[in-house]
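User: I am new to this structure. Can you show me how to read a few of its features?

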Amino acid sequence: MNEEPRKRRAGGRAGNKMRAGTAVIDQMPWRIPVNPDAPVEPLDADGVQRIHKTAMRILREIGIEFLNPEAVAHLKAAGCKVDGTNVRFDEDFVMEMVARAPESFTITPRNPERELVIGGKHMVFVNVSSPPNAWDLERGKRSGDFETFKEFMKLTQYFNCIHIAGGYPVEPIDIHPSVRHLDCLYEKLTLTDKVVHAYSLGAERVEDVMEMTRIAGGLSEEEFRAKPRMYTNINSVSPLKHDYPMLDGAMRLAKRGQPVVVTPFTLAGAMAPVTMAGAVALSLAEALAAIALLQYIAPGCPVAIGTFTSNVDMKSGAPAFGTPEYMRATQMTGQLVRFYKLPMRSSGVCAANIPDGQAMWETSNSLWAAVQSGTNMVYHAAGWLEGGLIASPEKFVMDCEVLQMIQRYFEEATFATGEDDLAFDAIKEVGAGGHYFGCQHTQERYSTAFYAPFVSDWRNFEAWQQDGAVWTPERAHRIYKQILEEFEAPAMNGDHAEALRAFVARRKQEGGAPTDF
């Protein structure tokens, strides 16, 4: 269950003193949600074994292309069958390596009060990550820039239901790629005090982010290595490839004890079989191959399996998300990930182009599939549009409403059966034909009884129309703008902040990360 379900209420108007950063809206307090539900399991025990055995057969008979010589050398030393870049794995070796990985782990950012548990029944939410474009009601669609990046960082910090400042919420193309990571991580580490992420896109970027995280937390190298402080997410090149920079970054983090989430991007009908069981088996084979490598070179390093298995629109070839097939693939992957005793990542995604009805039903399907699958880390939980090509602040705000509803859904108060919850005395007091508005049982609980929205408008049509007939994205836009106006960055130790600035300045002077332009 969630900690302190009765002291720290879910909605309504009370308890403001307990809620840091909630001047604009009355939001839920920071917490690590715990999913009390049994997962949805479309596969029986035989089905789980059939997908597992197919994944093992892929690894044994077809193999995975590892486009990184260091990774290939490690796997050859481990006894895998190597033919150039192709590596084949025996099931015994894979399962031995997977068994080394922890079932759960913590990540502790510069603010220890934001420490996260990844695994078990815990479920954390990550901001939208990596779109090249932004869209809002005022400016429409445009290429990402640094100011918009910072806006999303402020939203990420503000909302208590967002636990991780993941990848760049929008790519700031007005900053040269050689130093982009330095500016972005500086803002991420100063505008938020939440867990941060490093893109595995070259040794310099990964090493810089690890060092910046260490400096921002005032940590020695030993303290940094002693426990997870940040993480990376790598994607395979489906079908059946792991590329050089992703593997390089993953190995660098693993050697320093930092978590790696391995997320194949398998679209059924395009980069994976058109059948969902086949797509899931392919995805798992790709993920397990990388995890076996990491556990061989750094036994016990924290890892997670990510799923990004969906389907394409067979008329256009465009990715589709939040579909029935996506939901089933996520649920099936959850079953297999529990079989491997690892944490799991999925996503809150949609194919819609603006924050409309399609955007919200597809995203809600994705988010509830995460709940049903026992997902531990939900990527792109707020702000995603156009299949990941657009980040929208209005969508970010609207998604946070859904995330809060999920958190409330998890709370014991929604399904408790104690004496007070059964309310026999209240039923007796009101009797037949009365109402419960005025009875003592209601009066004692009215402010905390139900979820209270901050974007949804529950008034009738006439009241809504008289108040300006404001549609949901417009309400979300107003909230987003007010958050930016009133935002205050979280405190950082002055010495740490100065050391961070000095590091960024030095690395910029050195040229940052090499590029070919």
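User: In which sense do strands S9 and S10 pair, and over how many bridges?

Analyst: Keep in mind that this is a predicted model. Strand S9 (residues 164–165) pairs with S10 in the parallel sense, over two bridges. Ile-164 stands opposite Val-195 in S10. Between the two strands the chain passes through helix H5 (residues 177–191), and this β-α-β crossover is right-handed.

User: Which strand do two other bridges join to S10?

Analyst: Strand S11 (residues 231–234), which runs parallel to S10. Here His-197 stands opposite Tyr-231.

User: Which way do the residues of S10 point, and are they buried or exposed?

Analyst: Val-195 and His-197 point one way; Val-196 and Ala-198 point the other way. All are buried.

User: Why does Ser-130 count as partly exposed, and why is His-380 called buried?

Analyst: Buried means under 20% relative accessible area, and partly exposed lies between that and 50%. Ser-130 is partly exposed because its relative accessibility is 34%. His-380 is buried because its value is 6%.

Key: Residues are numbered from 1 along each chain as its sequence is written. This is a predicted model: local features need pLDDT of at least 70, side-chain atom pairs count only at pLDDT 80 or more; totals for chains, interfaces and linings use all residues. Side-chain values use heavy atoms; hydrogens and water are left out. Buried means under 20% relative accessible area, exposed over 50%, partly exposed in between (1.4 Å probe, protein chains only). Helices (H or I, at least four residues) and strands (E, at least two) are DSSP runs, numbered from the N terminus. Two strands pair if DSSP finds at least two bridges between them. A crossover is right-handed if, with the strands pointing away from the viewer, the path from the first strand over the helix to the second runs clockwise.
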